[in-house]
Amino acid sequence: MPLKIVPPRAGKTPNYSIRGTYLGITVDRSAGTPKREVANRELKKLEEKIERGEYPEKPKQQDAPTFLSAAVAYMKAGRPRRHVGRLIAYFKDKPLDEIVAAIRKAAGRAD
């Protein structure tokens, strides 16, 4: 069943809902508005997100170490802090595997 706009139910929410399946993704959520025109725009935005692979949103991996977590561990170990602040400002919470992959690519290594 394609995505469709479902009108508000009396005594429940005043907002329209978006329900159905699009490209194999099942959706059942509020459009966040009591106006049908706005709900239709939200439906189109949702379809575009599904097409781009941005819906449903993927949870961030919290288990993967980030530059920030590595920097904190480095400082807790009593290591020199001379350039750590600048590096944290640049890399922030970027996953370490992305940093390592970029370094390997720049060095011409694909492993």
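Helices (H or I, at least four residues) and strands (E, at least two) are DSSP runs, numbered from the N terminus. On that basis, the protein chain has four helices and three strands, in the order β-β-β-α-α-α-α from the N terminus on. The radius of gyration, taken over C-alpha atoms, is 23 Å for the protein chain, well over the 13 Å that the globule rule (2.2 Å times the number of residues to the power 0.38) gives for 111 residues, so the chain is more spread out than a compact globule.

This is a predicted model, in which local features need pLDDT of at least 70 and side-chain atom pairs count only at pLDDT 80 or more, while totals for chains, interfaces and linings use all residues. Residues are numbered from 1 along each chain as its sequence is written, and side-chain values use heavy atoms, with hydrogens and water left out.

**Overall dimensions and surface**

- The C-alpha trace of the protein chain spans about 65 × 35 × 20 Å along its principal axes.
- Of the 111 residues, 21% count as buried, where buried means under 20% relative accessible area, exposed over 50%, and partly exposed in between (1.4 Å probe, protein chains only).
- Contact means heavy atoms within 4.5 Å; among contacts between residues at least 6 apart in sequence, 35% join residues at least 24 apart.
- The mean positions of the 24 positive and 13 negative charges are 6 Å apart. Lys and Arg count as positive and Asp and Glu as negative, whereas His and the chain ends are not counted; the place of a charge is taken as NZ of Lys, CZ of Arg, CG of Asp or CD of Glu.

**The strands and the loops beside them**

- N15 lies in the loop between β1 (4-6) and β2 and counts as buried at 18% relative accessibility.
- Leaving aside neighbours within four places in sequence, N15 is in contact with P8, S30, G32, T33 and P34.
- A31 belongs to the loop between β3 and α1 and is buried, with a relative accessible area of 10%.
- Residues up to four places away in sequence not being counted, A31 touches Y16, S17, I18, A39 and E42.
- The C-alpha atoms of A31 and D97 are separated by 37 Å, the two residues being 66 residues apart along the chain.

**Helix α2 and its surroundings**

- The buried residues of α2 are F67, A71 and M75. Seen down the axis of α2, these residues fall within an arc of 70°, so they line one face of the helix; the arc is that of the directions from the helix axis to the C-beta atoms.
- The cover over the buried residues of α2 includes α3 and α4.
- V84, in helix α3, counts as buried at 9% relative accessibility and touches A71, Y74 and M75, not counting residues up to four places away in sequence.
- The C-alpha atoms of V84 and N40, which are 44 residues apart along the chain, are separated by 49 Å.
- T66 is placed in the loop between α1 and α2 and counts as buried at 13% relative accessibility.
- With residues up to four places away in sequence left out, T66 touches D93, K94, P95 and L96.
- After α2 comes G78, whose phi is positive, near 80°.

**Backbone features**

- Most residues other than glycine have a negative phi, and most peptide bonds are trans.
- L23, although not a glycine, has a positive phi of about 50°. L23 lies in the loop between β2 (17-22) and β3 (25-30) and counts as exposed at 60% relative accessibility.
- K92 is not a glycine either, and has a positive phi of about 50°. K92 is found in the loop between α3 (84-91) and α4 (96-106) and is exposed, with a relative accessible area of 53%.
- The peptide bond from Y55 to P56 is cis, with omega near -5°, and P56 lies in the loop between α1 (36-52) and α2 (67-76).
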